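Please view the sequence and the structure first.

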Amino acid sequence: MPLGAFPTMNGSVDEVLNRPYEECGVVGIWGAADAAAMTALGLHALQHRGQEAAGIVSHDDERFYQHKGLGLVGDVFSDARVIGALKGHSAIGHNRYATTGATLLRNVQPLYADFEFGGLAVAHNGNLTNAATLRQALVKRGCLFQSTTDTEVFVHLIAISLYATVLDRLIDAAKQVKGAYSVVALTPTDLIGLRDPLGVRPLILGRFSEGGWMLASETCALDIVGAEYVRDIEPGELVVINGDGVRSLKPFADPHPRFCVFEYIYFARPDSILEGHSVYEARKQIGVELARESGVEADVVVPVPDSGVPSAMGFAVASGIPFEMGIIRNHYVGRTFIEPTDQIRNLGVRMKHSANRPALEGKRVVLVDDSIVRGTTSRKIVDMVRAAGATEVHMRISSPPTKHPCFYGIDTPEESQLLAATHTLEQMAEAIGVDSLAFISFDGLYRALGHRGREEANGRYCDACFTGDYPIELVDKEGKLVA
Ligand code: SF4
């Protein structure tokens, strides 16, 4: 299905075309009372990573229980009887943003299957770049797919593996897939976590003081249930969690970290800690670097909320220009909103953002945002700020120019739709209607993340959407299964 035709449940079609969209969030709990409720709370904290669907599978030493639905976690699990029916001390859960497959109930994770070795539930965050090729081969072998999500490729590879144990089968499957994946899986005895050999997507290990363990995409999910952060699961690491504690396996010969740098810039929640770094501090520091690199005479620094706020704060501190909330975000925009006409669609951004006129009128404004994708949202925001009386608008972006699509679990338009891929800096400034435009440099970005600059950080992150240097082979160039 082409992206332009994508019916979204968390915003307008226009927004989908103009933002990079988050991927998914995963949670796993082992050995805790109310495991399903804890999982639901963890998913709620990870709601920013996917708003289209949510699901939980639990186990109570006898059998598995599951509940899945379309919508926000709070909607899917609003009925206490639903959580009450998800019995047991272990559970896994998933928030979905559809990077592969349409938003149908059959695509909602975790996926559960009965194998000859017993039941297994699997959920993953990321995107497999050879899913279509593997799926074709599996279908030829007689595998019957129930969904169009690439997670099911994992399930079938596990089913047909000749290894005896579930662990060996999971490792066998992981060695055949390519792409970015952070997996949580639940067997009757174990909670399993697995990160791809490059560790593109995050996966965190936490512990409950009263006993029990937790896996989650981000530390903000640990915080909401009072779990203590233990460590990040390492790239290429598989952990098996059960009554004996946490066992770590390293099934890949040469794991080589290439963490997604966009997690720091935009995707992760600012109160999360990734790889030992505060996302909030990293974003603030990017703003400091941005001010040093591309300072400008102005009266106010205004973030495009919410993700532009920490960088704008850093920019304001480093430049000495006052910080103002010149744009107010409406957090209560309806989830399902498919605008019927172009005219109505053009109102989309005003549903989400409003100008705070007293903070803008007669001012030279520095607008700070995290990225420019197609540029049409930026244009509308700039027009809105000018209409509120700003005399100059200078835009500063806390990422390098987005010139390439992501194939590793973030929904971005194809290259021809990316403003930075088809326009020079001057042309971009003209297209979005600003007096000046600047992006953070790679050196500035990596200095903000604690490195000496780009050279020292080189090869430690995935930054392919800025550089085109894809660290994982794109076997199926489209990289996505569609319904
Ligand atoms: S291509 Fe961009 S968004 Fe995708 S994993 Fe790499 S850095 Fe992250």
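## Basis of the description

A residue is called buried under 20% relative accessible area, exposed over 50% and partly exposed in between (1.4 Å probe, protein chains only). This is a predicted model, in which local features need pLDDT of at least 70 and side-chain atom pairs count only at pLDDT 80 or more, while totals for chains, interfaces and linings use all residues. Residues are numbered from 1 along each chain as its sequence is written, and side-chain values use heavy atoms, with hydrogens and water left out.

## Aromatic pairs

Phenylalanine 442 is buried, at a relative accessible area of 15%. The structure holds 13 aromatic pairs; rings of Phe, Tyr and Trp (its six-membered ring) pair if their centres lie within 6.5 Å, and planes under 30 degrees apart count as stacked, over 60 as edge-to-face and the rest as tilted. The centres of phenylalanine 407 and tyrosine 470 are 5.4 Å apart and their planes stand at 65°, so this pair is edge-to-face.

Phenylalanine 407 is itself buried, with 7% relative accessibility. Another edge-to-face pair joins phenylalanine 442 and phenylalanine 466, with 6.5 Å from centre to centre and 65° between the planes. Phenylalanine 466 is buried at 5% relative accessibility. One aromatic cluster includes Phe442 and Phe466 together with Phe262, Tyr266 and Phe267.

## The annotated cysteine

The "active site" annotation in the unreviewed UniProt entry covers Cys24; positions follow the numbering used here, feature names are shortened, and annotations may be inferred rather than shown by experiment. Cysteine 24 is buried, with a relative accessible area of 3%. Its contacts (heavy atoms within 4.5 Å) include Arg49, His94 and Ser217, not counting residues up to four places away in sequence.
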